[in-house]
Amino acid sequence: MPQKSTSRRQANQYDKIIKEHLEVTLPMIIRDVLGLDIVSSEEVPDDIQHTKERTPDSLKRVTDSCRKTYMLQVEFQLEDDDGMVYRMADYSIMIMRKYRLPVKQYVIFLRDVKPSMPVLIDTEKHKYSYELICLSDANYK
C-alpha cells in the first residue's frame, strides 16, 4: 500500500509543478506540440468536478441468444428533453466504468407526439448515440 501512496504523491507534485508553469509554457505547447494555430483564447474555471449519482429506470446485465453479454438500460421519458443525449451519455460512461461491459441503451418516449430530442453526439473525437423508441409507433398487438 505505501507504494501506491508514494506514486500518488509524486503525481500530485508533478501536477503542481506543471500547473505553476503552464501560463508561460502552454502557448508554446499548443503551437509546437499540438500543432494548433490558435488566434484567441479565454481562461475558464478548470475545476469541473461534478458529483453524480444516477439511478436508471431499468438496468440489467443480460446475455442474448448469440451469447453476448452486455448491460441493458431502458429509460422511460415523458418530456421532449434536449439534454437527454448528454444524460444518456453520462449513464453510458458510468455503467461501462463500473461493469466493464458493453452498454445498450433505449429511451422509450411515452407521448403520442414525435420527439425532437437529439439521440446523437457526433464530434471529431467523440461519437455517441442511443436508441429512441416512440411507444406510439409500437404495434399494439
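Helices (H or I, at least four residues) and strands (E, at least two) are taken here as DSSP runs and are numbered from the N terminus. The structure is a predicted model, in which local features need pLDDT of at least 70 and side-chain atom pairs count only at pLDDT 80 or more, whereas totals for chains, interfaces and linings use all residues. Residues are numbered from 1 along each chain as its sequence is written, and side-chain values use heavy atoms, with hydrogens and water left out.

On this basis the chain contains two helices and six strands, arranged from the N terminus in the order α-β-β-α-β-β-β-β. The radius of gyration, taken over C-alpha atoms, is 22 Å, whereas a compact globule of 141 residues would have a value near 14 Å by the rule of 2.2 Å times the number of residues to the power 0.38. The C-alpha trace spans about 65 × 45 × 30 Å along its principal axes. Of the 141 residues, 17% count as buried, that is, under 20% relative accessible area with a 1.4 Å probe and protein chains only, with exposed meaning over 50% and partly exposed lying in between. Where contact means heavy atoms within 4.5 Å, 56% of the contacts between residues at least 6 apart in sequence join residues at least 24 apart.

Strand β1 (residues 58–63) pairs with strand β2 (residues 69–77) in the antiparallel sense over six bridges, and Leu59 stands opposite Gln73 in β2. These two strands, β1 and β2, form a hairpin with five residues between them, and Arg67 in the turn has a positive phi of about 65°.

Leu36 lies in the loop between α1 (2–33) and β1. With a relative accessibility of 43%, Leu36 counts as partly exposed. When its neighbours within four places in sequence are left aside, Leu36 is in contact with Ile30 and Arg31. The C-alpha atoms of Leu36 and Asp64, which are 28 residues apart along the chain, are separated by 46 Å.

How values were computed: Two strands pair if DSSP finds at least two bridges between them.
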